[in-house]
Amino acid sequence: MLHLDNLELSYPDFHLSANWSADRGGLIAVIGPSGAGKSSLLMALAGFITPGTGRVLWQRQDITPLPPGRRPISILFQDQNLFPHLTIAQNLGLALAPDLRLNKAQSARVTGVLDRLGLSGLGHRRPADLSGGQQGRAALGRVLLQARPILLLDEPFAALGPALKSDLLTLVRDLASETQTLVLLVTHDPRDAQRFADRTVLVADGVVHAPTPTADLFANPPVALQDYLGP
Amino acid sequence: MANSARPLAPGAWALSSGLAALVLGTALVLALHADTFTLRPAEWAALTFTLKQAALSAILSTLIAIPVARALARRQFPGQAAMIVLMGAPFLLPVVVAVIGILSVYGRNGIVNQLLGLIGLPPFSIFGLHGVVLTNVFFDLPLATRMILNGWFAIPAERFRLAETLNLGPSGIRRHLEYPMLREVLPGALTVVFLLCLTSFVVSLTFGGGPKATTLELAIYQALRFDFDLGRAALLAGMQFLICAIAVTVAGRLTLPANLGSGHDRPQTIRIPGRKPLILDTFFIVATALFLILPLTMVLKDGLPALPGLSAALWQSALRSLLMALTSASIATAGALALTLATARNAQGSRLIEIAAMLPMAASGLVLGTGLFVLIHPFVPPESLALPVTVLVNAALALPFLYRLILPEARALHLTYDCLCTTLNLRGISKMRLITLPRLARPLGLGAGIAAALSMGDLGVIALFAGDHNATLPLMIQRLAGAYRMQDAAAAALLLVVLSFALFWACDQGGRRAAP
Amino acid sequence: MLGSPISIPARRKMERPMKTIHLALAFFATASMACAEVPVLKVLTYDSFAAEWGPGPAIEKGFEATCACDLQYVIAGDGAAVLARLKLEGTTSDTDVVVGLDTSLTENASKTNLFAPHGLTLANDLPVPFSDPDFIPFDWGWFAFVYDKTKLASPPKSFKELAASNLKIVIEDPRSSTPGLGLLMWVKAAYPTDSATIWHDLADNIVTVTPSWDQAYGLFLKGEADMVLSYTTSPAYHLIAEKDDTKAAAPFEEGHYMQVEVAGLLASSHHPDLARTFLTYLGSDAAQTTLPTTNWMYPAKTPTAGLPKGFETLIKPMKSLLFSPSEAEANRQSAVEEWQTALAR
């Protein structure tokens, strides 16, 4: 269980607080107006921002003092998820061995994931030689190999077309339920939340609200969400 | 997004303290051995002249560099790549060699005066303040052009396309794209050129035309050589450091944080319609090419005849210089990388590190050498340490250039990929091997090339330490010229130039090859 | 030649050119490995003396053939650098003998009390009487303005004629070069009370002032000036080494100032007897014979076989000027300031 225990992020012109928990597995959408702090929340969870007060707990263990690489968390950013000078296979391999000295079994796992994601035979290519959708799959492949119980997605597929994005989000949802991964998906598109997330977190007015079943939330939107969605 | 208040790595502190200790400590050693600290009126005159020639040269070099860089950025022509490479050439020339080239073009019997004679105009004399400035511009215009050209290339292609769709026209492009870029790039370029001219000694004295063209560096030379006044030398060195620190600080204040936006990898062609810009650009490209190529060609012409007859000892010294240059370049590159990686994060104390990294530019070779001599001499015969000391000092002297060169790319690397590395727990040697070195290969290669070539041509410290059997090529050139053997000296100078460029080219190409 | 400390890293470098780290370590491992069996005589001198084309190698070979010792040169850039280095080292110097100071530096050098009286009586043929308890002369020359006979038919015959002419000259800076300082002494010796006027009148003839002799001479050879401050013996180099007889020195009616190069023995020397033997050798016929065509100066004692062919073509000034070392030292600062003032307009 992920538990945000009185988490407070404070800056001179910005404040965000969160105090809730979420069970293992499943996809949670994070929505809210621009600048409300969706990305900051993810950065705090991933360990790039130190919270003013409060703790982040996973399975009752305090992970707040851990550096990003040691947290049970993997993350996909809006862009720059793959190193352009490394091949796809190397990019994936980094998840298993940061020095890229992979043994046979590890190499086989990389190939397996590539096959699984429909990237067979593309392992030796550089990211620039792949289409946007393929790059997204490759990045997903890497987090899959990282096999961390929590996955944070900071609108990584926003630049893709609707069909591709929906393909990839479907893939994310399937993988999440298959591996019992808890996925937090930041999106500015309410339809993403409605189609893929069983629960949704609303970030507005300095508060990260607790996850609510998506259907309920959109059926009875709070004022902040009404303002965001518009008429 | 990263926490801004992270402290600097202890290694970076140690390295920059070491650098500051080497540069300032040697001056301090002289101060400690001094009896009195007095400056003469002549030295105040030297200060004024030093500042005047450095400021004039810096302003002129950067002003001319702007249209040249613009022409290079927005035109495509055969040999353009070669011309950009040529831009690196004068900066790497040993001063003594460049003086030969400049004289062959602008001297009494030079090309310019022959042409003036043909059309019946009175001859032009290179000697005087204008000669000093002209020579400094020859050295530093290409460097300034390269720096400003990088600024142009860093403007994202999308911006230019946007400007085109908005139909901004040349004046709009200038105002909205080029002025902001120049505003950001010029202070750095001005500072670097200014600092380079600050310690110019041979140029000022050879072309200055008399004692009124006295620089601080010459005053230091006199204080140490003839008057043996260590206190005055230390004071003068202190003045140079102070000017350096002020220049770096002012430039730091003037330089805005990089805000060019991240562009895509390849430089774009900028389409500027119209005849007038085309004529202007052609003029600037042709004039600059002539300005740079003519003196270099004359060095070639002067040196070639005696080249086959050079003695075995000379080739040995060439090999020695080559190996020393490679070692020195490796040390300088590693040091600059460590400092840039530390400051790229903008951690606390970055400004101090930056000043420490720039300090060697204001260092007087003679003060450094003398200070080290005083330190080393009680323990071992200085000539037994001639080579390591020269290698280390040359590495320190080249470090500021490398630092400037690598820092922007290290910053970009940090901003772009540091978060990803962190989540992947990619650290230490693996991060260095897989990410940092490949991503920074280009500036590292270029920097190593510059360090190697600078070290190749250096005559500063070795002259104080060299013994019987460890002369470097520049020292041999000086010895040849000191024994009437001007032809051999010219040939050896040519050899030095060729080797310096070859080293520079090899390192630069190595970096490009290694880059992804 | 015994394995000098310096040749070792050079050899290692060639074996493993790629391993720069080993190289760097090898660099540091070079601290003196001098052979302990024979005494080592360290001779501090300027670089063109020890250069392969200078007198150094022949003198080293000749002396080592008789001394059962190892002669090693320690090198500084020029005469002034030699003295600066001595002062930096002070009494801790491991140098035994200093070769290459000139008389504008010897007073300053004697005052350091680093030198020991040589106690030798060696005959010399200098045009003016010369004897100094601390230093023996080994070669000398007259300063002169050198020109190209094919370009300048009637050279000036005095400073006044030169100053009145439109001729362009290059000179060396007295603050960084011994010939430059020598010129100041020359003007001072020729015009004790009028030197400022001479400099004032010369100012428009001076194209530029270079930091060192070789730069001035190089400018002259490139045609940047009609005349250069050098030595009366300079044409001998072109004549003998290059078979070029176009260069000549202009005789001046005021007389010519001399540069006398001297050698001395350091009080801290561990081998004072060997050092004296070396000084004697330096004054011997064998060593003196090599000097004219290696250092391109007059030997202090004319060799029994006479001067090399070609030297007879050189001008012989009627009048030789030379300040005593103490006069030279006393004049130096004021002469430099006078020169600066005259040229700084």
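Chain B gives 69 residues and chain C gives 77 residues to the contact between them, where contact means heavy atoms within 4.5 Å. This is a predicted model: local features need pLDDT of at least 70, side-chain atom pairs count only at pLDDT 80 or more, and totals for chains, interfaces and linings use all residues. Residues are numbered from 1 along each chain as its sequence is written, chains are lettered from A, and side-chain values use heavy atoms, without hydrogens and water.

The two chains bury about 6,100 Å² between them, 63% of it on carbon and sulfur atoms. Buried area is the accessible area (1.4 Å probe) that two parts lose on being put together, summed over both. On the chain B side, B:Arg108, B:Phe226 and B:Tyr484 supply 15% of the area buried against chain C, more than any other three residues.

Charges also meet here. The rule finds 3 salt bridges across the interface of chain B and chain C; each needs a side-chain nitrogen of Lys or Arg within 4 Å of a carboxyl oxygen of Asp or Glu. C:Asp47 and B:Arg479 form a salt bridge at 3.8 Å, N to O.

Now turn to chain C itself. Its domain 1 covers 37-140 + 259-307, and its domain 2 covers 141-258 + 314-344. Such bounds come from an automatic or database domain assignment. The domain centres, taken over C-alpha atoms, lie 26 Å apart. Domain 1 of chain C puts 22 residues into the contact, and domain 2 of chain C puts in 25 residues. Together the two domains bury about 1,900 Å², with 66% from carbon and sulfur atoms. In domain 1, C:Gln259, C:Trp296 and C:Tyr298 lose the most area to domain 2, together 37% of what that side buries. Between these domains the count is 0 salt bridges.
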